Amino acid sequence: MRFTLILIASAFFLSAKCQSFQLNFDFSNAAQTLRWVTSPDADEIELKKLLELPSTKALQKKLRTDSVTMRQALLSVHDSSLYKPEYARFGYRLVAARANDLGRFLTEIKEREDSLRFEVEKALAHFVPKGTSLPVTVTLLLGGNSSGFTLGGDNIFYVGLQQYKNDFIGIRETCKHELFHNIQRLYRDHFSYSDQLDQHDKTGYAYLHFMLVHLFQEGSAEYVADLRKVTDPNALYVREARNQAAVNDYRSEEVFYLISKMLYEATKFPDQTKQGPLYSILFDWNWNNPGYYAGYVMVKALCAEYGDNRLMEYLQKDPSEFVYDYIQLTKKHPEKYPFAFTEEFETIVNELREELKKLPAQK
Ligand SMILES: [Zn+2]
């Protein structure tokens with residue numbers, strides 16, 4: 001009996017391992033940057049070691065700078081006569097000022113690495129398609145001004161440690177959010193239709209499709225890594241992120257109206273549309289992320305009505321289906337789900353769905 005149990009347990013463990021991801025952490029940039037800023041006597045060899053790390057090169061790319069400028073910014077930490085205002089964006093002075101604090105935080109993350117991996121896997125493993133193994137590296141950086149980013153590569157993302165206010169839960173939730181984006185890409189290339197529409201001179205529908213993909217991708221990642229469910233009062237990064245987006249809670253109607261109007265305009269008047277500002281207004285932190293918020297509200301409503309399995313289904317479908325279903329739901333139960341898109345928005349979504357039928361089917 002006991003032997004059978006062990007067998008079952010091992011089989012379960014092995015299958016769970018096969019289906020899930022291998023989550024690795026790369027501490028090299030954070031550790032070496034700390035070593036540099038806390039050692040006034042550090043020599044050229046230490047500096048070269050830091051500059052040549054792949055993780056440092058990634059930060060360099062994100063900051064759109066070169067290794068000569070980065071080197072000068074690092075040197076200016078120990079020699080203020082070398083300092084130029086343009087080095088502020090590297091954040092090295094702030095890292096140096098908080099070095100002890102950041103060192104403790106880095107040690108905490110290293111010590112809790114296994115529990116971090118466990119928590120993230122527990123939340124996401126069931127979304128990974130059976131038989132798929134997903135290797136992902138989380139690279140912890142010190143410097144720069146971003147809390148998290150990717151460089152287009154599917155299996156690596158970067159976390160700006162100094163932005164997290166020593167909040168371990170914040171790191172965990174960021175990992176969940178970003179890894180969910182990796183999982184989304186396992187199911188389908190959501191942007192392929194946007195590209196095809198563009199190639200067929202359906203620029204307006206291409207804009208619309210592109211934004212609906214983001215609405216789904218960000219909304220579902222927000223739903224999976226739901227900051228509203230974090231109750232720990234010491235989670236300072238989480239609290240700050242929630243405060244920043246909280247404004248959307250009392251202007252939900254306006255958020256859906258804004259998205260409706262902006263995307264209708266982009267679809268019907270593509271020649272007068274600028275994709276960069278359009279994206280930025282809907283999905284940028286500086287604009288309180290209305291697109292993230294609306295997407296979250298939509299996923300939450302559909303899962304509340306039809307169960308969490310719905311999210312699994314939407315991962316496999318084009319995001320226009322997700323938006324269509326939300327529109328239908330708000331029409332069916334307007335009291336329960338009062339935040340609706342406009343009628344003209346519904347029209348363009350239906351037109352988009354007709355356009356997509358003319359394109360070759362996706363796998
Ligand atoms: Zn995201």
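**The sheet and its surroundings**

Reply: Let's start where strand S2 (residues 134-141) and strand S4 (residues 156-160) run side by side: the two pair in the parallel sense over 5 bridges. Strands here are DSSP runs of E with at least two residues, helices are runs of H or I with at least four, and both are numbered from the N terminus. Two strands count as paired if DSSP finds at least two bridges between them. Do keep in mind that this is a predicted model: local features need pLDDT of at least 70, side-chain atom pairs count only at pLDDT 80 or more, and totals for chains, interfaces and linings use all residues. Residue numbers start from 1 along each chain as its sequence is written.

Val138 has Phe157 in S4 as its bridge partner, and Thr139 has Tyr158 in S4.

S2 also has a partner in S1: 6 bridges join S1 to S2, and this pair runs parallel too. Gln22 stands opposite Pro135 in S2. The pairing of S3 with S4 is antiparallel, over 2 bridges, and there Gly148 faces Val159 in S4. In general, strands of a sheet pair through backbone hydrogen bonds, either parallel or antiparallel. Put together, the sheet is open, with 4 strands in the order S1-S2-S4-S3 and mixed pairing. Its edges are strand S1 (21-26) and strand S3 (148-149), each of which pairs on one side only.

5 of its 5 residues are buried, so S4 is largely enclosed by the rest of the structure. For burial, the count is of other C-beta atoms within 10 Å of a residue's own, with C-beta atoms placed from the backbone: 20 or more is buried, 12 or fewer is exposed, and anything in between is partly exposed. Side chains in a regular strand alternate between the two faces of the sheet. Here Ile156, Tyr158 and Gly160 point one way from S4, while Phe157 and Val159 point the other way.

Now the helices around the sheet. Helix H4 (residues 54-62) lies across S1, S2, S3 and S4, running at about 75 degrees to S2. That angle is between N-to-C directions, on a scale from 0 to 180 degrees, with axes fitted as lines to C-alpha atoms, for helices over the stretch in contact. "In contact" means that the C-beta atoms of two residues, placed from the backbone, lie within 7 Å.

Helix H2 (residues 28-37) is mostly covered, with 7 of its 10 residues buried. Those are Asn29, Ala30, Gln32, Thr33, Leu34, Trp36 and Val37. They pack against S2 and several helices, including H4, helix H3 (44-52) and helix H5 (67-75).

H3 holds Leu51, which counts as partly exposed because it has 17 C-beta neighbours inside 10 Å. Leu51 and Thr33 are 18 residues apart in sequence, yet 9.4 Å apart in space from C-alpha to C-alpha. Beyond its neighbours within four places in sequence, Leu51 is in contact with Thr56, Ser67, Met70 and Arg71.

One backbone detail may interest you. Most residues other than glycine have a negative phi. Arg64, however, has a positive phi, near 50 degrees. Arg64 sits in the loop between H4 and H5, and it counts as exposed because it has 7 C-beta neighbours inside 10 Å.

Finally, the wider setting. The domain assignment, which is automatic or from a database, gives domain 1 (21-185) and domain 2 (188-357). Their centres, taken over C-alpha atoms, are 29 Å apart. The contact between them takes 14 residues from domain 1 and 14 residues from domain 2. On the domain 1 side, helix H8 (113-124) and helix H9 (168-187) are the elements that give two or more residues, and H9 gives the most, with 8 residues.
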